[in-house]
Amino acid sequence: INRIKHIPTTIVQGQYDCVCPATTAYELSKKLPDAKVHFTKTGHSGFEDDIIEKLVDATNEYKHRQ
């Protein structure tokens, strides 16, 4: 974690994800204190509207960083 904690990070986690439990995203966010965390009311699929929206928002934010 120390080697990557300087890298801008956004975590998008589905609240009802049974494959990767939300507690895992929470624990990771505690080790990456500058990470942005978004919990959605979705499951595991990256094709759910809420997850897509948050991933696109994060991508656009990083795209416009200087």
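In what order do the elements of the protein chain run from the N terminus on? Select the protein chain, colour it by secondary structure and trace it from that end: the order is β-α-β-α. The model on display is a predicted one. In total, the secondary structure comprises two helices and two strands.

Next, keep the whole protein chain selected and show its C-alpha atoms. Taken along the principal axes, these atoms fill a box of roughly 30 × 25 × 10 Å. With contacts displayed, consider the pairs of residues at least 6 apart in sequence: 63% of such contacts join residues at least 24 apart.

The next selection is Ile-1, Ile-4, Ile-7 and Leu-28. These residues form a nonpolar patch on the surface, and together they have about 320 Å² of accessible area.

The last stop is Ile-1, one of the residues of this patch. Ile-1 is found in the segment before strand S1 (10-14). Is Ile-1 buried or partly exposed? Ile-1 counts as partly exposed because its relative accessible area is 45%, a value between the 20% and 50% cut-offs.

How values were computed
Residues numbered from 1 in each chain as written. Predicted model: local features only at pLDDT ≥ 70, side-chain atom pairs only at ≥ 80, totals over all residues. Heavy atoms only, no water. Helix = DSSP H or I, 4+ residues; strand = E, 2+ residues; numbered from the N terminus. Contact = heavy atoms within 4.5 Å. Patch = residues over 30% accessible without salt bridge, like charges linked within 9 Å, V, L, I, M, F, W, Y side chains within 5 Å. Areas by Shrake-Rupley, 256 points an atom, 1.4 Å probe, with all protein chains shown as cover. Salt bridge = Lys/Arg side-chain N within 4 Å of Asp/Glu carboxyl O. Buried < 20%, exposed > 50% of the residue type's maximum accessible area, 1.4 Å probe, protein only.
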